[in-house]
Amino acid sequence: MMVIILAVMFAIIHTLPDSPWAAYGRMDQNARATLDRRFGLDKPLVVQFVNYVIGGKSAESIFTCGLICGNLGQSLRQRGSVQMILFNTGLDQPLKQSKFGYSLRLGFYAFLFAFGLGIPLGIASALKQNTAIDYVVKFISSVALAVPSFILGLVLIMILANGLNLIVILPSSWSKAPPEVWVVPALVLGFNTFASVIKLTRNSMLEVINQDYVRTARAKGLSERIVVEVHMLSNALIPLVTYAGPALVELITGAFIIETMFGFPGMGREYVRSVVDKDYSLVLGLTVVYALLMTVANIIVDATYAFLDPRIRVGNE
Amino acid sequence: MRFLIPASGSGMNKMKIVKLPAPEGKNGFYHQTLWQSAISTIKKRPDAIISLVVILLFVLIAIFAKVLAPYPFMEIHFGYADLPPFWVKDSVIHATGDSRFLLGTDTLGRDLLSWGIYGTRTSIFLGFLSAPLIALAGTLYGLISGYASPKIDNILMRIADIFYAFPTIMIYIIIVLALHSTPVGKIWGGMLMMFLAVLSVGWVGIARLVRSSVLTIKNQEFIEAARSIGARPSRIIVNHIFPNILSTIIVWFTYMIPQIILVESILGYLGIGISSADQYAFFGVSWGGLFYIGRGVLRLQPVITILPAIGIILISLAFSFLGDALRDAFDPHNQAKLSALHDGKHVKNVELET
């Protein structure tokens with residue numbers, strides 16, 4: 001599957017008009033040929049693809065191992081290899097400061113916001129069903145689900161940074177920026193997830209509230225707190241756990257536009273930029289990283305699901 | 001007439017007996033098709049009605065753009081550059097609004113209200129024209145995949161899976177980049193290119209929806225009955241299966257149309273959306289194009305960004321509320337639906353499942 005995805009991406013990216021060198025302006029034939037040879041672009045596409053996946057001899061006839069050894073290739077437009085650009089491998093900077101590290105942190109903060117605020121609101125809304133609180137929360141989540149985060153980001157940039165000059169949103173250097181600059185991008189990124197979490201929590205709580213075992217727990221005379229915490233929550237949160245894994249990966253990898261908008265030095269902006277620049281190896285490298293992250297998320301979800309819900313384990317045996 | 005309505009949960013102890021008024025239809029039975037009851041449910045939802053009105057307004061603006069806009073959108077007014085909206089007395093560059101340019105002008109002295117109206121035309125047309133075509137392609141694919149033998153179904157769905165493996169926005173970007181400088185990218189100011197981009201990913205979603213609906217329907221008795229009296233597959237698909245998945249497709253529309261408009265805006269914001277240098281082009285400027293222009297002058301002329309932002313927020317909210325209402329209306333187990341059926345008077349004391 002992975003190879004098919006890569007092959008499709010490889011074919012698509014190579015059919016794009018303009019070569020990676022288009023941005024360098026007019027270039028004479030010799031220089032272009034030298035660059036092509038340097039990066040192996042003069043070979044047939046099939047050979048290039050094999051070279052990329054398995055490895056091949058470079059122009060100086062030195063064998064370099066390809067993707068199967070974890071080598072994502074040289075970037076065509078930036079200095080260094082793709083893994084160095086994305087993960088800072090071979091540099092003395094920590095992983096935290098790499099493109100991947102930035103996206104990881106931003107996605108994680110957005111995740112914290114969405115689940116940290118969404119779950120309590122969803123629970124409150126379900127416990128106080130058909131009261132003012134419920135209607136307000138329901139309205140918030142409907143609106144938050146409908147408004148695209150792209151628009152929210154634009155509006156927030158306009159109001160907070162331009163209109164009110166409240167906070168620095170677009171710092172010149174993210175590594176030296178104060179922590180509060182992370183707030184707005186994380187909030188914008190997590191906004192739609194936040195709405196989904198509210199809806200999901202509310203629905204699964206409402207399902208649990210009417211179960212017989214909850215009535216039994218109340219009938220036993222347990223305090224309301226224990227009924228809510230032990231009997232309701234532990235069951236109502238199962239769907240949320242299965243939602244959390246893909247949601248986290250989605251937040252880490254799905255921030256193309258928001259990263260571009262905020263000038264954020266993460267993978268999403270790099271992806272958009274590399275496609276526009278026709279940086280073939282960087283595009284392919286990012287595709288690999290994204291597909292891997294998705295696979296890992298799905299495996300983790302399956303594992304946690306079986307761990308949390310004993311009914312599934314029993315069913316499988 | 002008496003009804004037994006199961007109350008919440010599974011316990012029989014909560015069953016209650018409700019008295020319902022005698023039905024008014026012929027022979028004492030309700031004569032309401034799914035569609036009639038769906039429409040009557042929608043009529044009782046104020047949010048759905050408001051949403052419909054908002055959507056209708058946008059469509060009217062789009063159709064009558066030429067009549068509504070005070071100026072042709074490319075018309076340059078010398079000496080009236082960078083004006084703020086008419087109510088602003090002192091803008092960032094100390095200009096005062098002019099009542100001839102209600103929302104101000106851009107750096108070249110072009111009327112922003114007209115820009116907004118023409119932009120609405122392009123974006124709304126794109127959304128409303130491409131969604132039915134995408135639905136057609138996806139529905140056909142889903143019908144075939146769902147009705148065909150499991151082997152073919154498997155192959156067709158694996159093909160669809162490939163499209164899901166990539167981040168969707170990247171596919172849009174790649175397709176638009178690939179077509180941007182070709183003759184295809186020039187047709188209708190890039191409308192065709194944008195349509196192809198949304199089509200390339202959009203069909204997968206509806207195809208999957210349709211396929212899963214078909215899979216649940218095709219094993220039911222009425223299909224078997226149709227087959228046993230010798231109906232051809234084409235007849236079964238068109239007359240028996242399709243009417244049952246129509247509601248799914250309609251709800252999908254309320255999700256897809258704002259999605260298409262949003263995709264165009266995002267690509268426009270990145271500078272690869274619909275744009276035309278031809279000032280007489282029918283689709284000259286779009287909301288995405290406005291975002292791109294507004295991006296550079298956020299502080300000087302925020303109106304350029306605010307206009308399409310408001311448009312997208314309104315369209316998204318309207319379609320979202322309409323979609324919720326439609327989903328409820330087509331759901332035979334829905335509470336609102338049941339109470340609409342019983343006129344809401346006599347079932348209030350019954351706890352129904354939410």
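**Exercise 1. Find which residues of α8(A) meet which residues of α11(A), then describe the packing of the two helices.**

Solution. 
- Start with the contacts in this predicted model. On the α8(A) side are L189(A), G190(A), T193(A), L200(A), T201(A) and S204(A). On the α11(A) side they meet P239(A), L240(A), Y243(A), A247(A) and L251(A). Two residues are in contact if their C-beta atoms, placed from the backbone, lie within 7 Å.
- Sort these residues by type. Seven are nonpolar, four are polar and none is charged. Nonpolar covers Ala, Val, Leu, Ile, Met, Phe, Trp, Tyr, Cys and Pro; charged covers Asp, Glu, Lys and Arg; the others, Gly among them, are polar.
- Now take the geometry. Two packed helices are described by the angle and the distance between their axes. Helix α8 (residues 183-209) of chain A and helix α11 (residues 238-253) of chain A have axes that come within 11 Å and cross at roughly 175°. Therefore α8(A) is roughly antiparallel to α11(A). Axes are lines fitted to C-alpha atoms, for helices over the stretch in contact, with angles from 0 to 180 degrees between N-to-C directions. Under 35 degrees counts as roughly parallel, over 145 as roughly antiparallel, 65 to 115 as roughly perpendicular, and the rest as oblique.

The ground rules are these: residues are numbered from 1 along each chain as written, and chains are lettered from A in the order written. In this predicted model, local features need pLDDT of at least 70, side-chain atom pairs need 80 or more, and totals for chains, interfaces and linings use all residues.

**Exercise 2. State which residues of α6(A) are buried, and what covers them.**

Solution. 
- Check the helix length. α6(A) has 15 residues and reaches 21 Å from first C-alpha to last, close to the 21 Å expected at 1.5 Å a residue. The expected span is 1.5 Å times one less than the number of residues.
- List the buried residues of α6(A): V137(A), S141(A), A144(A), L145(A) and A146(A). Buried means 20 or more other C-beta atoms within 10 Å of a residue's own, exposed 12 or fewer, partly exposed in between; C-beta atoms are placed from the backbone.
- Find the cover. It includes α5 (99-127) and α8 of chain A, together with α11 (303-330) of chain B.

**Exercise 3. Decide whether A303(A) is buried or exposed.**

Solution. 
- Locate A303(A): helix α14 of chain A.
- Apply the count. A303(A) is exposed because it has 11 other C-beta atoms within 10 Å.
- Look across the sequence. A303(A) and T242(A) are 61 residues apart in sequence, yet 9.7 Å apart in space, C-alpha to C-alpha.

**Exercise 4. Describe the side of chain A that touches chain B.**

Solution. 
- Count the partners. 33 residues of chain A contact 27 residues of chain B.
- Name the elements. α1 (2-15), α6 (132-146), α7 (149-163), α12 (256-261), α13 (267-277) and α14 (280-308) of chain A each supply at least two residues. Helices (H or I, at least four residues) and strands (E, at least two) are DSSP runs, numbered from the N terminus.
- Sort the chain A residues: 26 nonpolar, six polar and one charged.

**Exercise 5. Find where the confidence in chain B is lowest and highest among its elements.**

Solution. 
- Begin with the average. Chain B has a mean pLDDT of 78, with 81% of its residues at 70 or more. pLDDT is the predictor's confidence in each residue, from 0 to 100.
- Check the start of the chain. Residues 1-14 of chain B have pLDDT below 50.
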